[in-house]
There are 8 protein chains.
Amino acid sequence: MHESSLKKLLESVAQGKTPVDRAVEKLRGTFSEELGFAVVDHHRELRQGFPEVIFSEGKTPAQVASIAKKIVKNGSVLLATRANPRHYAAVRRSLPKAHYDPLARVITAQEHLVRKRSSGIMLIVTAGTSDIPVATEAQRTAEMFGREVRTLFDVGVAGIHRLFQKAETLYEADVIVVVAGMEGALASVVGGLVRVPVIAVPTSVGYGASFGGVTALLAMLNSCVAGVTVVNIDNGFGAAMAACKILDRKG
Amino acid sequence: MHESSLKKLLESVAQGKTPVDRAVEKLRGTFSEELGFAVVDHHRELRQGFPEVIFSEGKTPAQVASIAKKIVKNGSVLLATRANPRHYAAVRRSLPKAHYDPLARVITAQEHLVRKRSSGIMLIVTAGTSDIPVATEAQRTAEMFGREVRTLFDVGVAGIHRLFQKAETLYEADVIVVVAGMEGALASVVGGLVRVPVIAVPTSVGYGASFGGVTALLAMLNSCVAGVTVVNIDNGFGAAMAACKILDRKG
Amino acid sequence: MHESSLKKLLESVAQGKTPVDRAVEKLRGTFSEELGFAVVDHHRELRQGFPEVIFSEGKTPAQVASIAKKIVKNGSVLLATRANPRHYAAVRRSLPKAHYDPLARVITAQEHLVRKRSSGIMLIVTAGTSDIPVATEAQRTAEMFGREVRTLFDVGVAGIHRLFQKAETLYEADVIVVVAGMEGALASVVGGLVRVPVIAVPTSVGYGASFGGVTALLAMLNSCVAGVTVVNIDNGFGAAMAACKILDRKG
Amino acid sequence: MHESSLKKLLESVAQGKTPVDRAVEKLRGTFSEELGFAVVDHHRELRQGFPEVIFSEGKTPAQVASIAKKIVKNGSVLLATRANPRHYAAVRRSLPKAHYDPLARVITAQEHLVRKRSSGIMLIVTAGTSDIPVATEAQRTAEMFGREVRTLFDVGVAGIHRLFQKAETLYEADVIVVVAGMEGALASVVGGLVRVPVIAVPTSVGYGASFGGVTALLAMLNSCVAGVTVVNIDNGFGAAMAACKILDRKG
Amino acid sequence: MHESSLKKLLESVAQGKTPVDRAVEKLRGTFSEELGFAVVDHHRELRQGFPEVIFSEGKTPAQVASIAKKIVKNGSVLLATRANPRHYAAVRRSLPKAHYDPLARVITAQEHLVRKRSSGIMLIVTAGTSDIPVATEAQRTAEMFGREVRTLFDVGVAGIHRLFQKAETLYEADVIVVVAGMEGALASVVGGLVRVPVIAVPTSVGYGASFGGVTALLAMLNSCVAGVTVVNIDNGFGAAMAACKILDRKG
Amino acid sequence: MHESSLKKLLESVAQGKTPVDRAVEKLRGTFSEELGFAVVDHHRELRQGFPEVIFSEGKTPAQVASIAKKIVKNGSVLLATRANPRHYAAVRRSLPKAHYDPLARVITAQEHLVRKRSSGIMLIVTAGTSDIPVATEAQRTAEMFGREVRTLFDVGVAGIHRLFQKAETLYEADVIVVVAGMEGALASVVGGLVRVPVIAVPTSVGYGASFGGVTALLAMLNSCVAGVTVVNIDNGFGAAMAACKILDRKG
Amino acid sequence: MHESSLKKLLESVAQGKTPVDRAVEKLRGTFSEELGFAVVDHHRELRQGFPEVIFSEGKTPAQVASIAKKIVKNGSVLLATRANPRHYAAVRRSLPKAHYDPLARVITAQEHLVRKRSSGIMLIVTAGTSDIPVATEAQRTAEMFGREVRTLFDVGVAGIHRLFQKAETLYEADVIVVVAGMEGALASVVGGLVRVPVIAVPTSVGYGASFGGVTALLAMLNSCVAGVTVVNIDNGFGAAMAACKILDRKG
Amino acid sequence: MHESSLKKLLESVAQGKTPVDRAVEKLRGTFSEELGFAVVDHHRELRQGFPEVIFSEGKTPAQVASIAKKIVKNGSVLLATRANPRHYAAVRRSLPKAHYDPLARVITAQEHLVRKRSSGIMLIVTAGTSDIPVATEAQRTAEMFGREVRTLFDVGVAGIHRLFQKAETLYEADVIVVVAGMEGALASVVGGLVRVPVIAVPTSVGYGASFGGVTALLAMLNSCVAGVTVVNIDNGFGAAMAACKILDRKG
């Protein structure tokens, strides 16, 4: 439930148009809804500014589909991350208009409900080609929440001139998400060049002593550039959410 | 060099008041300054919106004092973090008006140059009493960069009603820094309640399997709340810098 | 062999109804039984209050089936944890009435022998939907040992109001098993609200720096709430066993 | 505030002897008390059955003394763990009757308020002599909460007959706390012999690949005996709290 | 080449029966033999008392078969460990009499060449049923080098009476190999009961915080029993080799 | 673009044969080329002395093929490492003359462009047969950059005489790459015998506590022989690149 | 109590010279002796062939002295390892003839009771000079149990000819203890040269990625030489004990 | 012994001027020299091109002094790394002309014997001021072996323009040693800009999740720039030795 809907309901109560009992009933349903295996948090949009997003990994296709249905029924945009094709097949059965981006591994629906939130620009930068899936998860997430996203892919420090050629793009961004695996040095280099907030996403790209992204994670946490913050390995979704909250900031 | 000073200089060049050679000379000096053991980055304020800050750990008292002197001479506010009393003694010799906060371990000077940057509120929350030194480093940092800071100490999840009693304070903040050691659960609980950006600082408070803050760090990185970002263990300074950049956001 | 059967046998010896040699023979058999690859510990029920449970992982289907048969023949309820469908197929061949719960991955048989042990309530709480398989292993285990189990699923700290809505259920429990992955914060929050023993089960739910449950494990071990105890990652069975022993406590 | 005091107050309100305003005032104070650097949780006793305990490590002597004073003033028994002599010196200044046990590193006061809670026996077992300080922390904690404690020291598995000689003591216990460093095997051996709950405390005793107690911690978490639960390294206090909650169980 | 063959050859040279050139040629071949991808160390038997053993993991079936052929041609017994069925298929093509034990994953041939080495007894003890494959690798290794092996399976500390019932077997052994996963406590318990050398083999049996055998490995390295030595995780072969060398000791 | 081509172009500009605009256009293309998902760094050869090499892991077959095409079109030799057969199939579609070495997992093309770079010898030594794939990746890499490579396989320290028999080969090398898994001791032994640079490559060969090559990596980093340097686990390509740069050294 | 004393006592009982009651009394005392904080295991000599040894670390000087006194009174040789000068001062007060080796950190007494056990030779080899303290702990331990010890110090693989010059010494040993830090390669090299059992002791000698001996420990566990066994980091005592048990072997 | 001295001796033998016995005697002494606790490897210079260097950590002052004396007596330059003032005091007693650099922690003597080895330039670059001690260890080492060293300090990626301002210096180097702590990104950035060999030295500079240099070490091992090689944490000496060997390369 969007904040605007809530206000309307309460005003209607204040004006005597909606009896209190009816309002209570309506609000109770919007608060959270029990599915036995899950309690859908319809209240989240009100509390956090974003509707609930489904983390599909570890859930059965049937569970994802069932939660997705409730979210759509409640009038929210649908975003399910870390979804595999089987999750999508189950969702599509009840929501035939749902889309699936196999690169980003996200299921989306109700795109017409997406409202443009701010005029700020979220820039997503990757060190290499292999980091693109995580970057795309971030991009899809931000787009579903109405943000303008730009991307700059494969500009890692091995050929740092590729980054400098794009300096303009860096300077136009309002918040930057840096996606990098291996030694994750790009986060520090970008962070040292700009004055806007930089969110670093380590990826599991690499081998041997990259330990599935741990090396990039540690490098980013130890950035010599002040003010770079970090999210979990491969967590493009989380980085996008943090960036969205920053863009919401009215200043 | 503040952006405004730069503009003035360039306008003066444009109006023919300052010859090009003189301007070049002036700008070169502001760019960076070599001390043999350090290259002071006077350009940082222009590039990143903040003057260079001295990380004192691992530097000799003489080195810290020498860099501090250059920064003050360049007309910037002085902030030296992770400073011990010997660092302070050396700095005070050339900068008698410098202050030292032993809890936060920061040296500051030129406070009169601090300019209020925005009307946003940075809230710093700690889980326990032992997390206060890290929180205070964040507070001093933000204050030196002209922010309004509020604090909420010792409201960890063992007695979660202490946090809920302060819900108002949480909702009034524009950005929240959560400082917690041990299992670091406070970041998730706060993150689940608010819609503004939350930056989590794990602290080395704890013993045994807290591994000097690693447990809190990992817990915060794995927060089930979307959009919590994390900085290095005990890095109150870095969290404050990230929060300042967010508050600078014009929306 | 239940304690009551043992008493009967010994009384029979005392009354001269059973010759000593016959008793020795009978008791020797109940002590442990060698299968070549395993020594079935029939004595365990007497010593620990619970019959031996088969940990199926790493055993061949034939081994599990063979041990299961001996346990049933000895007159105990059967519980085999971490069983896959092939284990079940092998067991069912000799024990056609055995059941298999694919979610909990447990094989059970001889349910009619289950005796209700106490009037206490074991509450099992999960942070998310993906933690339910581990919770169900705990539930099946406790039920096979005659306990009353209640569950509260998907009440993690990202939407903490979902937990508070169920406060009544929390306060009615005599022992609580908290099952959570990711940052495992739920254990601390629940532990801070109740006065009964809380057993925390970290799960391997999560990705990246969750390290297959290690983050949740460490967070739970470092809980700022006194008296939370912890079992191995995904060890729903062990948590249930500990909870059962607590419920047996006569006070 | 003990539950009995609360009941009295509420009955007094019900009988019209205490005006509502007065009761509210009284209760508000007992809920939590702000000291600036700490929020003393007077409500904890009501909520969890135990008054707040001070974890002294990381707090200044002045902070510990200040919190201690508030707790005593509120009419609770005082227990401060992980206290060093300087903490004690500060506490003694305002609470001259406080005691200090340097082995257990605990400060106690108000012992006359200790009420015997149950008739159950808590047995504390150590593998070696070096584990005794942690065991003593557990013992002092339990005694301050009115429990009967027995101890069995230096009965590790290198000379397992020492344990078997004491079998009687093991069988008489209602809950057992096993304290062991190095390979932590004693927890499994004890757990395999008894039917009551066993709480394992890994200690930092050992060297080399004992990693400050991590080896013992891991070994205990992987115990092949079902139902052994574990607390943090050297956390004698936490083990005692868990054991106390188990002994409170009415059955 | 056995030491006896070498002596014969040298005596033959000394007696003028074998010309020096012929001897050199013969000896050169026995030293090592190049296969391009491997240098077969025929000299090993002379130097270490055991012929070269093939570690099959990471080698192609063709490579294993080719090395096996050279070893057999050189007149040594054949032992290939960590072999899978494809390795075996390749070996059998050139050595039709080779055997394969799928439990132990070893290929053997030339069993008729096995010479009984000493009258000592190697006892192999396992904690559980799942440890048997590793134990069997140890057993097959020792048997190929002519030792008498006895086994005691599934006598872990959860039911420690199972071990004590077999005390006789323990006391008759000349060297004991203890194979255990999970918390690996059995090594300490056995080590505390006997006076002969004990070699501990951690296995990857377990889950969660057993970390693929690391917990058992660490526990065994930290055994409180003096004189227990340890080999790599799942290294039944190595333990058997160490035990064989001990049994060779003439005293 | 080779340095010689660049010189030609610039001389042509200087001589007025090529108009500036035309030269700019030509150079811009050689600098880097955007493919959307990748920015091909044609400038690398000029900057680093080697054309860009494709790291295939984590890239789709289509991406590898597309980058490969651009590199070949730009007139460089093609080297794609960590390629699987599907990568090769895609590449061969547009570059029918490309070759694939399944052992080394590299795709190569344009071998006729390989220019012999120096008269120095790169020696690649492996400890065992299982280390050969990594050694071969190094060998193919060096050969594509025009070096003379020699190899010495399976000369690990278990039979150290195998190494000493080849002392001549060691002493003739100008740079040595030592490839070893397990305990990685060969790097120290070789490093202690020669005076030329030694580059150590740990491999993931081993099991249990070899942790996928981490043990070999750590051992090599801690070599008691001064001047051994190390690359990432299984990084035969990187070791060869470092060795090539050393051989380029003119002295 | 030595086995011979026990035999004498039992024969005396058999011959009627010692009444049963008297023998029981005498034997009970020899079994174990409670000191409150420790249970001295006098029975150990009988069970394991060695009297109890005091591990001083973590024990107070008074505790060490008290246990030492009991051991001496019981007629055993005294060996206290990991003792610091304060431990020694306390012991010397009651046992004025006790000796202290500050390099090996061992206290010894009753040397005249040492009986020569076998004619075998224990060789202790170190990689460097810094490994000598651990080697000396092993040496003192073995000497107190009557063994003949030889040493070979500073023969690490950086200058492997130093080892080969001493080949004779290697071949004369009956069991070899290899003590090495850093990359621990010496254990593999020695193990590859001899046919007797080799026990590897990793030491905490090194820095950076040696992780206090973990690298050497892992390297030794992964030795490519079959039959090398390993003890805990810096555990010279344990290695000596294992070697003594091997030397006791009658063959 | 330098190679030239050896040649002279052998020629003298060939010319009949030196009797064979006398030569043997002379050479034996130069090979290695036993000090009981150390075997000085005088042969190293011949074998590796560098005289033995003393690693002082873990050695007593007396031991260092004794080895130093032998090296000087043998006519080699003296270099002792990781020396503390007490080591120096001991050395100066027998070698009054020895020098000590407290920043680099090295003792040197016999500087007049240093021979200039090549005309190549070794450039040492640091990310920050705190990395200078490690860089200086590298510098002193290289200078003692006759190299020309240049330095570039405090040019880390937080202000990457500082590095680019020094591009000329980078391009003039023949080999580059990059010294960096924290996230170690400088190694990749430098490696991406130059064509000469780059050796990366991680330092223990940093805090929290820098883990004493492990983060920088891992980042450097995972550099996306091909051909960067790595040495142990803080190992300035080792990096210099590797760089020296590279500069020796004749091309």
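Start by selecting chains B and A: across their interface the rule finds zero salt bridges, a salt bridge being a side-chain nitrogen of Lys or Arg within 4 Å of a carboxyl oxygen of Asp or Glu. This is a predicted model, in which local features need pLDDT of at least 70, side-chain atom pairs count only at pLDDT 80 or more, and totals for chains, interfaces and linings use all residues. Residues are numbered from 1 along each chain as its sequence is written, chains are lettered from A and ligands numbered from 1 in the order in which they are written, and side-chain values use heavy atoms, with hydrogens and water left out.

**Stop 1: chain B against chain A**

Stay at this interface. The rule finds six residue pairs in polar contact here, both residues at pLDDT 80 or more. A polar contact is a pair of N or O atoms within 3.5 Å; within protein, one must be able to donate a hydrogen and the other to accept it, and residues adjacent in sequence count only if both atoms are side-chain atoms.

Helices H3 (44-48), H9 (186-193), H10 (214-221) and H11 (236-248) and strand S11 (228-230) of chain B each give two or more residues to the side that touches chain A. H11(B) has the largest share of that side, seven residues.

In numbers, 39 residues of chain B are in contact with 39 residues of chain A, contact meaning heavy atoms within 4.5 Å. The area buried between the two chains is about 3,100 Å², and carbon and sulfur atoms give 49% of it. Buried area is the accessible area (1.4 Å probe) that two parts lose on being put together, summed over both. Select B:Arg195, B:Leu221 and B:Arg249 next: in chain B they lose the most area to chain A, together 25% of what that side buries.

**Stop 2: B:Ser56**

Go to the loop between strand S3 (54-55) and helix H4 (61-73) of chain B, where B:Ser56 is found. B:Ser56 is buried, with a relative accessible area of 0%; buried means under 20%, exposed over 50%, and partly exposed in between (1.4 Å probe, protein chains only). Its side chain reaches the backbone oxygen of B:Thr81 at 2.8 Å. Not counting residues up to four places away in sequence, B:Ser56 touches several others, among them B:Val64, B:Arg82 and B:His87.

**Stop 3: chain D against chain C**

Select chains D and C. A rotation of 180° with 0.1 Å of shift along its axis superposes chain D on chain C, with an RMSD of 0.1 Å. The two copies are thus related as by a two-fold rotation axis. The superposition is by least squares on the C-alpha atoms of residues with pLDDT of at least 70 in both. To find the axis, centre on D:Val230, which comes closest to it of the residues of chain D, at 2.5 Å (C-alpha).

Of the interface residues of chain D, 100% are also interface residues in chain C, so the copies meet through the same surface.

**Stop 4: two loop residues**

Select C:Asp234, in the loop between strand S11 (228-230) and helix H11 (236-248) of chain C. C:Asp234 has a positive phi, near 65°, and is not a glycine. C:Asp234 is buried, with a relative accessible area of 16%.

Last, select E:Gln110, in the loop between strand S6 (106-109) and strand S7 (121-126) of chain E. E:Gln110 has a positive phi of about 65° and is partly exposed, with a relative accessible area of 21%.

Methods. Helices (H or I, at least four residues) and strands (E, at least two) are DSSP runs, numbered from the N terminus.
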